[in-house]
Amino acid sequence: MTDEDSKITELDPSKLGTKDYWENAYKLELNNYTDHGDVGEVWFGEDAGQRMVNWLSEHPEYVQPSDPILDNGTGNGVLCMDMEQEGFTDITGIDYCQEAIDLAEKIKEEAESQVKFQVGNILDKESSFFKSKFKVVTDKGTYDAISLSETAKVDKVTYIENTHYVLEKDGLFMITSCNWTEQELVTMFSTHFKHLETIPTPSFTFGGKKGNSVTTVVFNKIDL
Ligand SMILES: C[S@@+](CC[C@H](N)C(=O)[O-])C[C@H]1O[C@@H](n2cnc3c(N)ncnc32)[C@H](O)[C@@H]1O
């Protein structure tokens with residue numbers, strides 16, 4: 001263990017780290033969508049997703065519109081459909097929660113979108129999406145949720161290994177987190193990923209200390 005690793009403190013487990021929580025949340029959101037067309041919680045706000053989409057479309061040297069993209073823990077799938085709107089054509093959204101995929105499929109139908117949605121668990125290599133390789137993996141809030149499970153310490157390592165596995169050589173991993181700082185993410189992912197860029201996010205100052213409520217970091221897969 002390095003000095004940096006030892007500075008990472010595990011988070012206290014919470015209901016957001018359980019599958020039950022997400023199943024109930026998306027069941028409710030599916031009902032709301034059916035009743036009045038509300039797509040549900042936009043995690044970390046509209047701007048967070050838009051910043052991710054903008055960065056991808058502004059960096060053709062790393063990602064082309066036809067490159068395969070995996071959105072890991074896609075929830076309502078809105079980030080996928082936003083990427084599609086920006087011109088990306090090969091997008092897969094996976095979530096371990098059937099209810100989330102049902103909601104994403106409903107929204108997709110009305111949006112006349114071509115995004116592929118499927119149930120899949122990033123911690124379980126038996127999930128069928130592991131048969132494919134992706135140029136980019138995006139994550140908005142999923143590593144955060146996994147970090148809150150009872151088994152977070154082990155799951156975070158599995159997450160990093162499996163994300164590395166599904167990426168093509170030189171692939172990119174883009175993560176938006178509210179639980180971890182830029183430095184913590186860079187430290188945790190350093191076994192499998194090289195820090196490429198941190199996308200600027202609004203910062204706040206409190207008690208003389210400057211911080212960011214949301215962090216978006218882009219990593220390059222290391223060839224191990
Ligand atoms: C904070 S929500 C974010 C959802 C979506 N990315 C968004 O920005 O709206 C976290 C998501 O991660 C999903 N999730 C948690 N653990 C997962 C796992 N092991 N594999 C796939 N999805 C998972 C949950 O079902 C939930 O949809």
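Helices (H or I, at least four residues) and strands (E, at least two) are DSSP runs, numbered from the N terminus. By that definition, the protein has eight helices and nine strands, and Gly77 is found in the loop between strand E1 (69-72) and helix H4 (78-85). This is a predicted model, in which local features need pLDDT of at least 70 and side-chain atom pairs count only at pLDDT 80 or more, while totals for chains, interfaces and linings use all residues. Residues are numbered from 1 along each chain as its sequence is written, and side-chain values use heavy atoms, with hydrogens and water left out.

**Overall form**

- The C-alpha atoms of the protein fill a box of roughly 50 × 40 × 40 Å along the principal axes.
- Of the 224 residues of the protein, 47% count as buried, where buried means under 20% relative accessible area, exposed over 50% and partly exposed in between, with a 1.4 Å probe and protein chains only.
- Residues 24 or more positions apart account for 72% of the protein's contacts with a separation of 6 or more, a contact being heavy atoms within 4.5 Å.

**Gly77 and its surroundings**

- Gly77 counts as buried because its relative accessibility is 0%.
- Once its neighbours within four places in sequence are left aside, Gly77 is in contact with Ala104 and Phe117.
- Gly77 and Val115 are 38 residues apart in sequence, and their C-alpha atoms are 8.7 Å apart in space.
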